Amino acid sequence: MGPLLAAGGLTGVAAWQNTYALREEKVSLRHDGRLLEGVLARPARGEGPFGLAVFVHGDGPIDATHETFYRPLWESFARAGYASLSFSKPGIGGSQGNWLDQSMKDRADETLAAVAWARDRPDIDGRRIGLWGASQAGWVLPEVAARDRRLQFVIAVSPAVNWLRQGRYNLLAELDRDGATTRERDAALRRRQTTLRLLERGASFGEYRAAVGDVDGMTAARWRFIARNHRSDATAGLRAMRGTPLLLVLAGHDVNVDVEETEAVYRALLPPASLSVAHYPDATHSLVDHDVEGSDWRLTMTAVFAPRRLFAKGFLTDQARFLERLDPRTGVR
């Protein structure tokens, strides 16, 4: 009986820790002839109208909740009086299409459609809609903000600036982390140069496979996605969105993005009065605590029994404070 009671107690703790002060509603949007399904997470109390954070995903097949990873963030925004809106990527969950067929412009168009959809809801304050995005969203957020000057804010988490420079940085950082030899490093750089030459001349996946041999998990669909997007660069969008309040979130253990370059570019292109920068020295690219992410056991246990503690210390509360500092009448801090 004792082990059963203990198991029941742990189940109860897990259920309690994964219960959030939110009201979630399944929603849908038709865009470009396809149905997108998602979640609107509103504060637990009140009828609004609420402010809104529209979520823009990073790379990969991400559903609306990011396998519940977003819910602690949604809860932190709810405490500041903001709802959160997130759609599953095309081809994921109930959303139609294939996210690997998208360009970054396609993703920006989709995000603008989500913003327009939200402005038609009586429970959303159209003056207090902004964007939250991570990683690959760094090529989407500036374009959206440049095209919709009514947005109140942008929160950019671990964004890259230039696709090709980001790829090189990521390759070298992972090689260094894994203790690669000089020979392994040189071989990886040669392979990269071969890949870049193929992309520049519009080579097919078959040509890529013939040139490199072991494709290391690359698929034809992924190759087409990279070919479509490898020239992505955020600088033009950043210049065009000048004045929109932006919180730039950077991690100290980011092997995906060169955070020094990102911060330098953002500071050079955005007015100081509109830019806030938050550093989390103990965080990884996903803003998860580095020590937690480094242990499969700790990561699993934390995700199940204390999901709010996945993130680096202060990250969740700082997101809410950034929103609370915005003047709801003008969108200026």
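Tutor: Let's start with Phe69, which is partly exposed at a relative accessible area of 21% (buried is under 20%, exposed over 50%, partly exposed in between; 1.4 Å probe, protein chains only). Phe311, by contrast, has a relative accessible area of 5% and is buried. Bear in mind that this is a predicted model, where local features need pLDDT of at least 70, side-chain atom pairs count only at pLDDT 80 or more, and totals for chains, interfaces and linings use all residues. Residues are numbered from 1 along each chain as its sequence is written, and side-chain values use heavy atoms, with hydrogens and water left out.

The model holds 17 aromatic pairs, meaning rings of Phe, Tyr and Trp (its six-membered ring) with centres within 6.5 Å; planes under 30 degrees apart are stacked, over 60 edge-to-face, the rest tilted. One of them joins Phe55 and Trp132: the ring centres are 4.6 Å apart and the planes meet at 25 degrees, so this pair is stacked. Phe55 belongs to strand S3 (residues 50-56) and Trp132 to strand S5 (residues 124-134), so the pair ties together parts 77 residues apart in sequence (helices, H or I, at least four residues, and strands, E, at least two, are DSSP runs numbered from the N terminus). Both partners are buried: Phe55 has 6% relative accessibility, and Trp132 has 4%.

Now back to Phe69 and Phe311. Their ring centres lie 4.8 Å apart with the planes at 50 degrees, so the pair is tilted. Phe69 sits in the loop between S3 and H2, while Phe311 sits in the loop between helix H12 (296-305) and H13, so here the pair ties together parts 242 residues apart in sequence.

On the H2 side, Pro72, Leu73, Ser76, Phe77 and Arg79 make the contact, defined as heavy atoms within 4.5 Å. From H13 come Phe315, Leu316, Gln319, Ala320, Leu323 and Glu324.
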